[in-house]
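Here is a friendly walk through one chain, with a few stops along the way. Have the viewer open as you read.

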Amino acid sequence: MKIDNQELVALFGEQLASWEQAGNNYKALENVIVKELVVEGFPFKVQFNPARIVSSSAKVDAKSITERKCFLCSENRPAVQKGLDYVYKGDFQNPYTVLVNPFPIFPRHLTIPMLAHTDQLIGGRMGAMLSLANQLDGYTLFYNGPKCGASAPDHFHFQAGNKGFLTIEEHLHKMEKEVLFTNEIATVSSVKGVFRGLVAIESSEAEEAERLFGLLFSRLPVKEGEKEPMVNILCWYENGVYVILLYVRDKHRPSHYFAEGDANILLSPASVDLGGVLITPLEKDFHKMDETLIAEILDEICVSEGENLDIIDKIKTVLR
Ligand SMILES: [Zn+2]
């Protein structure tokens, strides 16, 4: 089932007009403060965004999750929130709904949950992500693993934001890459620099991108107590090429998140942050953020150099 992009534009207009909270938050976004910092040659933006406090400070432990009403289940959503249905490859049993995200980071920010209340696991769903990236004109898709920034780890969902916002979209071609695999359709590479454990798949065909993702994802390390490797994923389609950026994570939240007093920084890194836009819901943290802090936070949440080399080895072996 195709998404009608005109209907999507209409949905945005209608939701911002009829839903006061969403309308106010999108209006507030026009005035958020942004500063730019370069770390190891990579251009970051830091966004002071007070409305994101809900997500950044979300309690995502098992007890808190079972005790709260799931905000992505249709019966708990506000009556005013409307969506567009999306079905991937005729799977009418598991439809998705394209919704306007009422707590935006992007000027156009979507949340795309499955109808069914089912765990946030990406295995078997990359095809749907690639298809959505193709169909949603002008959007970059993203996925946050359950301990990698998802505030609903119990309800499967993608998100999407308008292109031209995440700095990595523009900067990717300038980053040093080690090619791990290539054929006439696709290339898999390890992206060097500030994000250790970043793997890129670039493919002219969705099926090949999905196949390669499945193969290498199956070889990534899974931490004790987890069902899948800890990852964030960005995915977009541009000029006939699908791009998947897979960030393999070591840690959910950096030590700064738990620090006491002045050392505390409320920043819970997820796909958007790793795409180059760091979200600080508190003004004091926005002012504190500098090149050293960004480097420290990334150093903690990304895999170590040794683990990265191990991941590269495994990917080379499985794709050979
Ligand atoms: Zn749910």
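Is Glu 40 buried or exposed? Glu 40 is exposed, because it has 12 other C-beta atoms within 10 Å, and a residue counts as exposed at 12 or fewer. Please keep in mind throughout that this is a predicted model.

## Two loops with positive phi

Glu 40 sits in the loop that links strand E1 (33-39) to strand E2 (42-48). Its backbone deserves a look as well: phi of Glu 40 is near 50°, a positive value in a residue other than glycine. As background, most residues other than glycine have a negative phi.

Asn 239 also has a positive phi, about 50°, and it is not a glycine. You will find Asn 239 in the loop between strand E11 (231-238) and E12. Is Asn 239 buried or exposed? Asn 239 counts as exposed, because it has 5 C-beta neighbours inside 10 Å.

## The nonpolar core

Now turn to the inside of the model. The largest nonpolar core has 86 residues, and those touching the most other members are Met 129, Ala 133, Leu 141, Ile 233, Cys 235, Ile 244 and Leu 245. Which element gives this core its largest share? That is strand E12 (residues 241-248), with 7 residues.

Leaving aside residues up to four places away in sequence, Leu 245 touches Ile 168, Leu 198, Ala 200, Ile 233 and Leu 234.

## Helix H7 and its partners

Helix H7 (residues 206-217) and helix H12 (residues 305-319) have axes that come within 9 Å and cross at roughly 125°. The crossing of H7 and H12 is right-handed. On the H7 side, the contact is made by Leu 212, Leu 215 and Leu 216, and on the H12 side by Ile 315, Val 318 and Leu 319. By class, the residues of this contact are 6 nonpolar, no polar and no charged.

H7 also packs against helix H5 (residues 126-135), at an angle of about 145° and with the axes 9 Å apart. Here too the crossing is right-handed. From H5, the residues Met 126, Gly 127, Leu 130, Ser 131 and Asn 134 meet Ala 206, Ala 209, Glu 210, Phe 213 and Gly 214 of H7. How many residues of each class does the contact of H5 with H7 have? The contact has 5 nonpolar, 4 polar and 1 charged residues.

Phe 217 belongs to helix H7 as well. Phe 217 is buried, because 20 other C-beta atoms lie within 10 Å, and 20 or more is what buried requires.

Helix H1 (residues 5-18) packs with helix H2 (residues 20-29) at an angle of about 105°, and their axes are 5 Å apart. H1 and H2 are therefore roughly perpendicular to each other. In this contact, Gln 15, Leu 16 and Ala 17 of H1 meet Ala 22, Gly 23 and Tyr 26 of H2. Its residues divide into 4 nonpolar, 2 polar and no charged.

Pro 281 is in the loop between strand E13 (277-280) and helix H10 (283-288). Despite that loop position, Pro 281 is buried, with 21 other C-beta atoms within 10 Å. Pro 281 and Ile 53 are 228 residues apart in sequence, and 5.2 Å apart in space from C-alpha to C-alpha.

Asp 154 lies in the loop between strand E6 (139-144) and strand E7 (157-162). Asp 154 counts as partly exposed, because it has 18 C-beta neighbours inside 10 Å. Not counting residues up to four places away in sequence, Asp 154 touches Ile 65, Cys 70, His 117, Asp 119 and Gln 120.

Asp 299 is found in helix H11 (residues 291-301). Asp 299 is partly exposed, with 14 C-beta neighbours inside 10 Å. The C-alpha atoms of Asp 299 and Lys 251 are separated by 9.8 Å, and the two residues are 48 apart along the chain.

Technical notes
Residues are numbered from 1 along each chain as its sequence is written. This is a predicted model: local features need pLDDT of at least 70, side-chain atom pairs count only at pLDDT 80 or more; totals for chains, interfaces and linings use all residues. Axes are lines fitted to C-alpha atoms, for helices over the stretch in contact, and angles run from 0 to 180 degrees between N-to-C directions. Helices (H or I, at least four residues) and strands (E, at least two) are DSSP runs, numbered from the N terminus. A crossing is left-handed if the near helix is turned anticlockwise from the far one by less than a right angle, and right-handed if clockwise. Two residues are in contact if their C-beta atoms, placed from the backbone, lie within 7 Å. Ala, Val, Leu, Ile, Met, Phe, Trp, Tyr, Cys and Pro count as nonpolar, Asp, Glu, Lys and Arg as charged, and the others, Gly among them, as polar. A nonpolar core is a set of buried Ala, Val, Leu, Ile, Met, Phe, Trp, Tyr and Cys residues joined through C-beta atoms within 7 Å. Angles under 35 degrees count as roughly parallel, over 145 as roughly antiparallel, 65 to 115 as roughly perpendicular and the rest as oblique.
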